[in-house]
Amino acid sequence: MNNHFENVKDIFIDSVEKNNYVELKIAVYNYQLLKKSLDKPLKMILLFGKPGTGKSMLLNKLYHNLKESREIFYFDAPILSEKEFLRRVYESLTGKAVPKELRVNFDGLLRYCQKLKGEREIVFLLDECQLYSEALMEKIRLLSDTRTVKFIITLHKTDNEDIIAKQHFKTRIWEVIELSNASEDDLHLYIQKKLIQKGYVEISNMIKKKHIKFIYAYTHGNFRETNKFLYTLFDIYEYFYENKPHKVSIDKFSKKFLEMTALKLGYIDG
Amino acid sequence: MDNMKELEKRWYFYKAKQSLLSLNAVGLVVMFSLGGYYAYTQADVIKNLFNEKTLIAETKIDLPKEVMVSPILVANVQEEPVVNSVKTAEVVIASKNEGLSKAVLHEVSLEPIIPIVNMEKENSKTTSTRKNTSKRVYKSVNHTNNSQRKMVKAKASTYLTASELSTIRTEVAVLDSQRTKKINLNGSSANYIGTMTKKFSKSKKPREALLLAKAFYAKGDYSSSEKWALTANKLDSSKDESWHIFAMSKFKLGQKHEALKILSSYYKKSHSPKTKALIIKIKNERL
């Protein structure tokens, strides 16, 4: 067996790529829900959940699946400057670049959108909207009121603040899809599918329910945390396979390495 | 690479800590198991102990401090016939608490016990002593009378002369003085109490203690009479009177409830009619 743990660990690098998307039951359900919501005459749709629950992944998946069939634009990174945001929206709508010395007039943009009503339906996917200012969110709301532009936004759910309660979200958002952490079984499936997708069936078979239980105890089914855990775990595997191969069993998943991972990530005290 | 080595070290340390914790847990389990087993095997002892404590909780007789020192003793007062001597009471306690350790028995024997003074004997002795004394006094008086009579012969049919009358008055005065002395002996004069206290400190006899208790009671010093009754009771527990004076003193000190409790618990064992009568008296506050 070659040391392919290096490649295995790369599977768990936290990235929003459509190839990394794992179709779990719950993810499929949420995706279908989101797709149906797009067909409804809604102005804004909110994807809501704790960090690492798969909001960005879902948005990314939606974008890649629909970009051929609809007018859909994906702003994966938050655009904090109002000027820049309006410029990007204008360029997306018109397909024309705005000269550097000019800026987009919001009233003009609003009138332009109103003129397009009934002719076009443009979808904007905005990630990390909790970083947008209230003034900018208000402008987004006004644009969505024209019914030409539809926004799907994602928000982090924080413990201190229930953002949904904010006035502009309370009154404008018509559809809320809340994402949550995976269950233990879903997590098992997630890890297995990720490994099998890349052809590491042997390693996938090594991981038993008790190992998932151990991982779940610390990651609570959060996809980002799980990815981090598995990345570190296979990093340790890689090291031992190279330097102390007698300590690595290819038939059995190592509890020692699991515990070392938890130690390294600070889940347990050494 | 160094990080991994360091991480592995940390893992070994972590495992060692885990093992220690597991060992501790196992140790605790073993300790509790052994403790449980020991408690199970010693169940009778614990049960006895519990029973004793329960009895104490039920009785709560408000005895003086000396008596209240030993809860086991209080239980004994309730359960055992009080007419028993101190030794008998101890034996009974020992037989009841077979499971108790020797140390506990030793403690019981050291505790103050409320014994009962054989007051009837004491009384009979005192009375006979008094009778003897009075007889002796009267003998001497009679002897004096006789000698006086030799000197003065009263004529039955005639009035006495002035000189004859003065002689008789002197005799009566002598007799009166003798009688006063006798009363003082049984009374509560400071002299008598002092003498008796000295006597008691030398002899340590229950009789003296009881006489002192009576003297103080008669004097109205109920705290002292209570104390001396208890002392007498400690020395000899065979008779009712120390109990009675103790309870009477309690009553006089305004502790009617305690007095009744003590007498009731004593009556349960002794069935003494005198005690019953005293209980009724105290109940009706006719003491």
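Student: Which residue in S4(A) is the bridge partner of Phe48(A)?
Tutor: In this predicted model, the bridge partner of Phe48(A) in S4(A) is Leu155(A).

Student: What makes S1(A) and S4(A) a pair of strands, and in which sense do they run?
Tutor: Two strands pair if at least two bridges are found between them; S1(A) and S4(A) are joined by six bridges and run parallel, so by that rule they are a pair.

Student: How many bridges join S3(A) to S4(A), and which residue in S4(A) is the bridge partner of Val123(A)?
Tutor: S3(A) and S4(A) are paired over five bridges, again in the parallel sense, and within S4(A) the bridge partner of Val123(A) is Lys150(A). S3(A), which covers residues 122–126, is also joined to S2(A) by five bridges, and these two strands run parallel; here Phe73(A) stands opposite Phe124(A) in S3(A).

Student: What is the order of the five strands in the open sheet of chain A, and why do S2 and S5 count as edge strands?
Tutor: The order is S2-S3-S4-S1-S5, with parallel pairing. Strand S2 (71–75) and strand S5 (175–179) of chain A each have a single partner strand, so one side of each has no neighbour in the sheet, and that is what places them at the edges. On average, and with direction ignored, neighbouring strands of this sheet are turned by 15° against each other.

Student: Why is S4(A) described as largely enclosed by the rest of the structure?
Tutor: A residue is buried if 20 or more other C-beta atoms lie within 10 Å of its own; seven of the eight residues of S4(A) are buried, and therefore the strand is largely enclosed by the rest of the structure.

Student: How do you know that the length of helix H4 of chain A agrees with its number of residues?
Tutor: Helix H4 (residues 82–94) has 13 residues, which at 1.5 Å a residue should span 18 Å; the end C-alpha atoms are 18 Å apart, so the two values agree. After H4(A) comes Gly95(A), with a positive phi near 75°.

Student: Which residues of H4(A) are buried, and why are they said to line one face of the helix?
Tutor: They are Phe85(A), Leu86(A), Val89(A), Tyr90(A) and Leu93(A). Seen down the axis of H4(A), the buried residues fall within an arc of 130°, so they line one face. An α-helix has 3.6 residues a turn, so residues three or four places apart point the same way. The buried residues of H4(A) pack against H5, S3 and H6 of chain A, whereas the face turned away from them carries the exposed residues Lys83(A) and Glu84(A).

Student: How many helices and strands are there in chain B, and what share of its residues count as buried?
Tutor: Chain B has 14 helices and zero strands, and 24% of its 287 residues count as buried. Among the contacts in chain B with a separation of 6 or more, 58% are between residues 24 or more positions apart.

Definitions and conventions
Residues are numbered from 1 along each chain as its sequence is written. Chains are lettered from A and ligands numbered from 1 in the order in which they are written. This is a predicted model: local features need pLDDT of at least 70, side-chain atom pairs count only at pLDDT 80 or more; totals for chains, interfaces and linings use all residues. Helices (H or I, at least four residues) and strands (E, at least two) are DSSP runs, numbered from the N terminus. Axes are lines fitted to C-alpha atoms, for helices over the stretch in contact, and angles run from 0 to 180 degrees between N-to-C directions. A residue is buried if 20 or more other C-beta atoms lie within 10 Å of its own, exposed if 12 or fewer, and partly exposed in between; C-beta atoms are placed from the backbone. Two residues are in contact if their C-beta atoms, placed from the backbone, lie within 7 Å. The expected span of a helix is 1.5 Å times one less than its number of residues. The arc is that of the directions from the helix axis to the C-beta atoms.
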